[in-house]
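Hello,

Here is the structure I said I would pass on. Please open it first, then read the notes below with it on screen.

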Amino acid sequence: MNIIGIATLILAIVTFSLSFRYFRIKKTNIALLFLVLGGLILRIYTASDPYLHEWDERYHTLVAKNMTEQPLKPTLYSDPILDYDYKDWTRNHIWLHKQPLPLWAIAGSMSLFGINEFALRFPSILLSTIAIWLTFLIGYMLFNRRTGYIAAFLFAIHGLIIELTAGRVTTDHIDVFFLFFITLAVYFAIRFSKSKKELYNILCGLSIGAAILSRWMAALVVIPIWIILAYNNRFTIKQLSLHLIKLLFIATLIFLPWQIYIHQAFPAEAAWESGYNLLHLTGTVEDHSGEILYYVDKIRIIFGEIIYLPLLWFMWVTFRGKIHLKRLALLLWFLIPLIVFSLAHTKMQNYIIISAPAIFIITAIFWNYLYVYRNKLKPKWIIVILLILLPGLPVRYSLERIKPFQKKSKPEWVEHVKSLNFKHDKTILLNSPRPIETMFYTNYIAYRKDIDQKKAKQLSNNGYHIYRYKKGFQLEKVNP
């Protein structure tokens with residue numbers, strides 16, 4: 001039995017219950033505070049795993065650790081004593097496989113809090129928690145208070161977002177940053193369209209640039225949303241065009257310098273990664289394939305089995321009669337990534353997580369509609385079931401992801417790697433079962449492979465002390 005997990009779950013339930021209570025008596029600020037706190041509790045617990053996760057957290061973490069000393073030189077193997085293929089992002093030297101902003105943030109956190117798991121996950125915990133509040137504001141500004149609140153609750157308890165925050169699943173902290181800055185950009189787009197204050201347009205451009213510098217060009221999904229919102233608030237074509245040029249210029253100022261820099265400083269690696277990014281659209285990368293309806297099928301797993309009902313209903317009410325532009329802007333936030341990533345050859349379920357706030361708001365609008373007209377819609381028993389299942393299925397999914405009843409335990413390799421203590425920093429570990437993790441927790445160099453006697457002698461002459469793993473975690477000294 002996991003006492004801490006159960007206690008965390010009870011605390012989160014109490015916190016959310018207090019939030020619901022304050023929301024019912026229209027104390028929205030207090031309700032939102034408890035809602036965000038509940039989401040934070042779930043994130044901190046899930047992110048407390050006392051080890052690095054395999055895909056892709058360990059790689060992101062090691063690169064970020066190395067960037068604490070050389071922020072403009074992202075490296076995996078900072079001292080590549082053995083030959084490597086720069087096209088292999090799991091074993092290379094210069095590491096440009098992901099954009100740098102999340103790695104810089106993690107490096108900054110580790111500079112403040114030390115080289116440990118908490119420092120690694122703190123930026124994602126912070127941004128993922130703030131995004132709960134942003135989701136409320138977007139739903140509230142576009143529609144109403146209840147819509148924003150329900151959407152924020154769905155964000156707070158969402159299982160996949162919490163796992164990404166904790167680094168448990170692929171693309172982890174990178175996608176958390178990407179999701180946050182896209183959500184932030186949409187928020188500023190709404191503020192700008194309503195107030196026409198240039199500051200909000202600047203902040204929107206900065207957010208889009210930061211999103212691109214986190215994951216890449218899918219952040220441009222914000223642009224059609226921005227255009228529709230501005231048009232809906234009676235911008236003239238001239239005003240819209242001028243402000244759009246400013247927006248794109250500011251975003252470009254943020255993300256372009258890094259692209260220019262890496263193509264000059266690391267031309268071979270930068271050229272390869274640029275082509276590799278394009279390959280995701282035209283080819284299947286790392287066996288991540290899927291049919292054209294891959295994401296249409298995945299959304300039921302990620303957002304609940306009946307998610308199709310609010311999505312189809314929302315499309316119908318958006319295009320019924322005169323098109324409702326605010327609904328259209330929200331719908332595009334969902335549809336554009338769905339269509340683009342469905343057409344791409346490489347498919348991973350996390351790609352559409354950038355649409356999560358839009359899906360939460362659409363679900364909230366549908367739930368609110370059912371609730372308001374619950375006495376008029378028939379049959380009533382179906383309406384009641386839908387009102388329960390729309391939030392209930394995501395809650396169940398959250399429990400499956402967070403695993404509060406499953407006791408946390410350290411794998412054997414964690415204790416071993418953290419206990420390594422050699423007299424010399426110039427130490428090499430060969431046949432290592434956990435080379436990336438070893439280089440994070442220690443200052444030693446670790447490789448999964450072995451070397452021949454000639455290479456061992458050469459390294460020994462250069463002052464390196466070499467050890468080789470035999471069975472399990474048994475080490476032997478290599479004496480060339």
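In this predicted model, helices H2 and H6 run roughly parallel to each other, because their packing angle is about 15° and angles under 35 degrees count as roughly parallel. H2 covers residues 28-46 and H6 covers residues 145-156, and their axes are 9 Å apart. Two packed helices are described by just this pair of values, the angle between the axes and the distance between them. The crossing of H2 and H6 is left-handed.

Which residues of H2 and H6 meet? From H2 they are Thr28, Ala31, Leu35, Gly39, Leu42 and Arg43. Their counterparts in H6 are Arg145, Tyr149, Ala152, Phe153, Phe155 and Ala156. Sorted by type, the residues of this contact are eight nonpolar, two polar and two charged.

Next, the backbone in the loops. The peptide bond from Trp55 to Asp56 is cis, with omega near -5°. Asp56 sits in the loop between H2 and helix H3, which spans 57-67. Another cis peptide bond leads from Lys378 to Pro379, with omega near -5°. To find Pro379, look in the loop between helix H16 (356-372) and helix H17 (380-402).

Lys196 is not a glycine, yet its phi is positive, at about 60°. This residue belongs to the loop between helix H8 (172-195) and helix H9 (198-212). Is Lys196 buried, partly exposed or exposed? Its relative accessible area is 39%, so Lys196 is partly exposed, since that class lies between the limits of 20% and 50%.

Lys403 also has a positive phi without being a glycine, with a value near 60°. Lys403 is placed in the loop between H17 and helix H18 (412-419). With a relative accessibility of 34%, Lys403 counts as partly exposed.

Last, the sheet. Strands of a sheet pair through backbone hydrogen bonds, either parallel or antiparallel. The sheet here is open and has four strands in the order E2-E1-E3-E4, with mixed pairing. Strand E2 (445-446) and strand E4 (475-477) are at the edges; each has a single partner strand, so one side of each has no neighbour in the sheet. How many bridges join E1 to E3? Strand E1, residues 427-430, and strand E3, residues 465-469, run parallel and are joined by four bridges. If you want a place to start looking, Thr427 stands opposite His465 in E3.

Regards

Note on methods. Residues numbered from 1 in each chain as written. Predicted model: local features only at pLDDT ≥ 70, side-chain atom pairs only at ≥ 80, totals over all residues. Heavy atoms only, no water. Axes fitted to C-alpha atoms, helices over the stretch in contact; angles between N-to-C directions. Helix = DSSP H or I, 4+ residues; strand = E, 2+ residues; numbered from the N terminus. Parallel < 35°, antiparallel > 145°, perpendicular 65-115°, else oblique. Left-handed = near helix turned anticlockwise from the far one by under 90°. Contact = heavy atoms within 4.5 Å. Nonpolar A, V, L, I, M, F, W, Y, C, P; charged D, E, K, R; others polar. Buried < 20%, exposed > 50% of the residue type's maximum accessible area, 1.4 Å probe, protein only. Pairing = 2+ DSSP bridges.
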